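Keep the viewer open as you read.

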Amino acid sequence: MSATPTLRTARLVLGSFSPEDATELQRLAGAREIADTTVSIPHPYDLDHALALIGQQRREAVRGRATNFAIRLLADGPLIGSAGLRDIDPEHLQAELGFWMGREWWGQGYAREAAAAVIRFGFDSLGLNRICAHHMARNPAAGKVLQALGMLQEGLLRQRVRKWGVYEDVVLYAIVRDDRS
């Protein structure tokens, strides 16, 4: 896959990031609350981080290893977050779902709506059989989103990641193609 497709939901458009998104990406991802419960977003998050992420996402899409989406409100609305699939494994037909929303967009169902579109894309367009997701145990809101998507909790990975010098437990969820029927 060489280009990020465009996905549409009732309220959102998911598509590719462009270099013009870097300033807003920096603002949204730069909030300490976003970095606090994500493994790959540093804090502080500067413009170089945003530009590097956009470039990396394009390279990973070309390699077929990831598809990341900029989440926007309909009708040329603002960038509000990101969702995507990474570590796409063409042999075992599996990938990992990840997402985050800017603080001002929390609690409005956008994360669930965007993640549901990405899961449909993974199963229907990429032919995946399994999609997993992880969240830090101290972020139960992410777990509620995953449960609402039909994902089942598979386990607790004790002290799986280290964030800012503290080892964090991570909860593992997954959905398989057969769960959708």
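Helices (H or I, at least four residues) and strands (E, at least two) are DSSP runs here, numbered from the N terminus. What you have is a predicted model, so local features need pLDDT of at least 70 and side-chain atom pairs count only at pLDDT 80 or more, while totals for chains, interfaces and linings use all residues. Residues are numbered from 1 along each chain as its sequence is written, and side-chain values use heavy atoms, with hydrogens and water left out.

First, the outline. The protein has five helices and eight strands, and along the sequence they come as β-β-α-α-α-β-β-β-α-β-α-β-β. The C-alpha trace spans about 40 × 35 × 30 Å along its principal axes. For 181 residues, a compact globule would have a radius of gyration near 16 Å, and the 15 Å found here agrees with that; the radius is taken over C-alpha atoms, and the globule rule is 2.2 Å times the number of residues to the power 0.38. Taking contact to mean heavy atoms within 4.5 Å, 62% of the contacts between residues at least 6 apart in sequence join residues at least 24 apart.

Now to the strands, where pairing requires that DSSP finds at least two bridges between two strands. Strand β4 (residues 79–89) runs antiparallel to β5, joined to β5 by seven bridges, and Leu85 has Leu97 of β5 as its bridge partner. These two strands make a hairpin with four residues between them, and in the turn Leu93 has a positive phi of about 55 degrees. On to β6: β5 pairs with β6 in the parallel sense over three bridges, with Ala95 opposite Ile131 in β6. The chain gets from β5 to β6 through α4, and this β-α-β crossover is right-handed: with the strands pointing away from the viewer, the path from the first strand over the helix to the second runs clockwise.

What about burial? Buried means under 20% relative accessible area, exposed over 50%, and partly exposed in between (1.4 Å probe, protein chains only). A nonpolar core is a set of buried Ala, Val, Leu, Ile, Met, Phe, Trp, Tyr and Cys residues joined through side-chain atoms within 4.5 Å. The largest one has 49 residues, and those with the most contacts inside it are Leu25, Leu85, Leu97, Ile131, Leu149 and Met151. The top contributor is α4, with ten residues. Beyond four places away in sequence, Leu25 touches residues including Phe17, Tyr45, Leu79 and Trp100.

Next, look at α5 (residues 140–148), whose buried residues are Ala142, Gly143, Val145 and Leu146. They sit on the same side of α5 because they cover an arc of only 155 degrees around the axis, going by the directions from the helix axis to the C-beta atoms. Their cover includes β5 (94–101), α4 (110–124), β6 (130–136) and β8 (166–176). The face turned away from that buried side carries the exposed Pro140, Lys144 and Ala148. Just after α5, Gly150 has a positive phi of about 90 degrees.

His43 and Pro44 are joined by a cis peptide bond, with omega about 0 degrees, and Pro44 lies in the loop between α2 (32–36) and α3 (47–63). Asp87, a residue other than glycine, has a positive phi near 50 degrees; Asp87 sits in strand β4 and is partly exposed at 41% relative accessible area. Trp164 likewise has a positive phi, near 55 degrees. Trp164 is in the loop between β7 (152–163) and β8, and its 37% relative accessibility makes it partly exposed.
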